Structure formats: C-alpha cells, structure tokens
Amino acid sequence: TACLTCTTISVLSDYIHYMVYAQNGVGVPALLTFSDFFEALTQSLFMLLLLLIAKGWTITTTILTRKKVLYLVWGIYTFLFLILLVILTVQKSEFSEKLAYQTVPGGIILALRCVIFIWFLHELRVSYLQENMPQKLALYR
C-alpha cells in the first residue's frame with residue numbers, strides 16, 4: 001500500500017507539473033523535485049518488499065531472521081539513494097543532462113543493487129529449500 005501511495009503521489013506531481021508547463025512553459029519545478037523524492041521512496045520500499053518476500057516472510061515463515069542486517073542494508077540503500085537525489089537536484093542545469101548513474105553516488109547505488117540482487121537470489125533459494133508444501137512451492141517457481 002505504501003509503494004502504491006508513493007507512486008500515485010509521484011505520478012500526480014509529475015502530471016500537475018506538466019499540465020502547468022503546457023500552459024505557461026515553466027511548470028512547477030518544486031513538484032518535479034517532490035515527484036523525484038517520492039519515486040526514490042517507492043523504489044526503496046519496493047526493494048524492501050521484494051527482500052521480505054524472498055526471505056519467505058508470511059509465505060514460508062512468520063519469523064523474520066536477520067532483521068538487523070536487512071534493515072541496515074535497506075537503510076544504507078535508501079540513504080545513498082536520497083543523497084544521489086539531492087546531488088542531482090543541486091547540480092541540475094539546463095545545459096547538463098548528466099544521468100543519475102554517471103555520478104559517484106549513482107555508481108555506488110548500482111554496485112549496492114548488484115549485491116542486493118545476489119542476496120535476493122540467495123534468500124529466495126533458501127526460502128525455496130525450506131518450504132515443504134506443494135501449494136506454496138508453486139509461488140517460488
């Protein structure tokens with residue numbers, strides 16, 4: 001629900017900005033920044049949700065193991081993503097269209113995403129091996 005709410009806020013902010021932009025040629029730049037913030041929050045929450053599902057939470061088990069590691073990695077990822085967003089907002093210029101992942105924080109986020117992806121696959125495999133009900137095993141396939 002939180003991911004959907006954040007996405008809706010982000011899309012509506014973009015929509016309002018571009019509707020105003022179509023009328024006056026300027027738009028509401030603050031709404032674009034607001035939209036970017038909620039888009040980053042959506043991506044971060046969605047990554048947490050995927051990791052929780054991969055760990056089998058509420059599917060294979062109701063006990064979440066290694067919570068501190070999960071929240072620490074998620075917190076670092078979210079923090080770095082917000083730093084990247086701030087850097088891109090501050091450096092934004094009409095003449096420079098630098099892509100987000102061409103910056104140092106962007107590269108660190110890409111590397112962290114690769115590590116999280118490998119961790120996701122590992123947790124998914126562990127959850128799959130722990131499950132013994134055929135109906136629930138179908139979810140992992």
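Modeller: A residue is called exposed when its relative accessible area is over 50%, and buried when it is under 20%. Keep in mind that this is a predicted model.

Biologist: Why is Leu4 called exposed?

Modeller: The relative accessible area of Leu4 is 62%. The cut-off is over 50%, so Leu4 counts as exposed. Leu4 belongs to helix H1, residues 2-24. Its C-alpha atom is separated by 9.9 Å from that of Leu45, 41 residues apart along the chain.

Biologist: Why is Glu123 called buried?

Modeller: Glu123 has 5% relative accessibility. The limit is under 20%, therefore Glu123 is buried. Glu123 sits in helix H4, which covers residues 104-130.

Biologist: What makes the pair of Glu123 and Arg66 side chains a polar contact?

Modeller: The distance given for the two side chains is 2.3 Å. The cut-off for such N or O pairs is within 3.5 Å, with one atom able to donate a hydrogen and the other to accept it. The pair of Glu123 and Arg66 is therefore listed as a polar contact.

Biologist: Which residues does Glu123 touch, not counting those up to four places away in sequence?

Modeller: Glu123 touches Ala54, Lys55 and Arg66.

Biologist: How do you know that Cys6 is in no disulfide?

Modeller: A search of the whole structure finds zero disulfides. For Cys6, the nearest cysteine sulfur is that of Cys3, 6.9 Å away.

Biologist: Is Cys6 buried or exposed?

Modeller: Cys6 is buried, because its relative accessibility is 7% and the limit is under 20%.

Biologist: How does the radius of gyration of the chain stand against that of a compact globule?

Modeller: For 141 residues a compact globule would have a radius of gyration near 14 Å, but the chain has 19 Å. The C-alpha atoms fill a box of roughly 60 × 30 × 25 Å along the principal axes.

Biologist: What are the figures for burial and surface in the chain as a whole?

Modeller: Buried residues make up 30% of the 141 residues. Of the contacts between residues at least 6 apart in sequence, 57% join residues at least 24 apart.

Terms used. Residues are numbered from 1 along each chain as its sequence is written. This is a predicted model: local features need pLDDT of at least 70, side-chain atom pairs count only at pLDDT 80 or more; totals for chains, interfaces and linings use all residues. Side-chain values use heavy atoms; hydrogens and water are left out. Helices (H or I, at least four residues) and strands (E, at least two) are DSSP runs, numbered from the N terminus. Buried means under 20% relative accessible area, exposed over 50%, partly exposed in between (1.4 Å probe, protein chains only). Contact means heavy atoms within 4.5 Å. A disulfide is a pair of cysteine sulfur atoms within 2.5 Å. The radius of gyration is taken over C-alpha atoms; the globule rule is 2.2 Å times the number of residues to the power 0.38.
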